[in-house]
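Trainee: Could we go through this one together, beginning with the overall picture?
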Amino acid sequence: MKYYHGILTAVVLAFFASCEKEDVTVEENVAIEKQGQEISEKTLELISSLHFNNNDVEVIDMLLPDGSTEKTLLLEGDILMTLDQLKDMQPGKITTKQYRTYNLVSSPRNVNVIGYTGGAGQGLSSKQRSALQRAINNYNALNIGLNFTLTFGTNYDPYDIVVYQNPNGQAGGVAGFPENGDPYKYVQIFSGMESYSTATNEHVITHEIGHAVGLRHTDWFSRQSCGQSGENADPDGAVHIPGTPTGYDPTSVMLACFGANEDGNFGYYDEVALGYLY
């Protein structure tokens, strides 16, 4: 059985952008409708022009480590994005597989990560802390232009990335993409991951940190890892990483869905991709 990295939803939207529609410019109004939190047609068109799946978009109250929430778009099950960030992304052309966003982390640099240990069900469990340490070790073993340091505690404000638990009982996690040269700050791991092995937790954390430094889903064009097919694959809005394969890569940690028995390690082409970018 396969699981989405993010929240599995059954949202049916009133509007489905066709692959025949023209790209939407960032100058057009992009807004969440005030009534009923419906997502505007132009927002959906912009999401489609950047080649995110606009058939599964939600406005959610993103839970922050201090217990507060903020309105955020949830794309493709586990990608968080504000309207401002969505408007800042520009459509472009690609040809093959393994992808990054237009937004990357400035490098070389040190990325300071904190595993949150606070209360209210948002502190990482012992298993999740071990998985986070293993994920950070995997990134540092690549010897790329990003070096990750890890600590555990509750004072997360000074850190570049905070990894914390969302006590929603689901499996998976969510994160967002870099902005202004910085990684996305908030990486959530869902409390339902406690039912899975340390290695599978390591996989999910590695995947979400991958988003935070600019990686997209390897199979965004088909979501084959989720057992789906037939999604529009018109090549707009994601950037191919040279040296990665043109076909489906079942070993990638950045596949849209994960299994219950993941090993938590990068696939070969994940390493190629990160080495190329950083």
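Mentor: Gladly, and keep in mind that this is a predicted model. Among the contacts in the protein chain with a separation of 6 or more, 74% are accounted for by residues 24 or more positions apart.

Trainee: How many helices and strands are there in the chain?
Mentor: The protein chain has five helices and twelve strands.

Trainee: And what share of the residues counts as buried?
Mentor: Of its 278 residues, 57% count as buried, while the chain exposes about 11,400 Å², with carbon and sulfur atoms supplying 46% of that area.

Trainee: Switching to the sheet of eight strands, what is the strand order?
Mentor: This open sheet runs β2-β3-β4-β9-β10-β8-β6-β7, and its pairing is mixed. The strands at the edges are β2 (57–63) and β7 (146–153), each of which has a single partner strand, so one side of each is left without a neighbour in the sheet. On average, and with direction ignored, neighbouring strands of this sheet are turned by 30° against each other.

Trainee: How do β9 and β10 run, parallel or antiparallel?
Mentor: They run antiparallel, and two bridges join β9, which covers residues 173–176, to β10, which covers residues 186–190.

Trainee: Which residue in β10 is the bridge partner of Val174?
Mentor: That is Gln188.

Trainee: Now the helices: which strands does α3 lie across?
Mentor: Helix α3, made up of residues 126–140, lies across β6 (109–116), β7, β8 (161–166) and β10.

Trainee: And at what angle does α3 run to β7?
Mentor: The angle between helix α3 and β7 is about 165°, and β7 is also one of the edge strands we discussed.

Definitions and conventions:
Residues numbered from 1 in each chain as written. Predicted model: local features only at pLDDT ≥ 70, side-chain atom pairs only at ≥ 80, totals over all residues. Heavy atoms only, no water. Helix = DSSP H or I, 4+ residues; strand = E, 2+ residues; numbered from the N terminus. Buried < 20%, exposed > 50% of the residue type's maximum accessible area, 1.4 Å probe, protein only. Contact = heavy atoms within 4.5 Å. Areas by Shrake-Rupley, 256 points an atom, 1.4 Å probe, with all protein chains shown as cover. Pairing = 2+ DSSP bridges. Axes fitted to C-alpha atoms, helices over the stretch in contact; angles between N-to-C directions.
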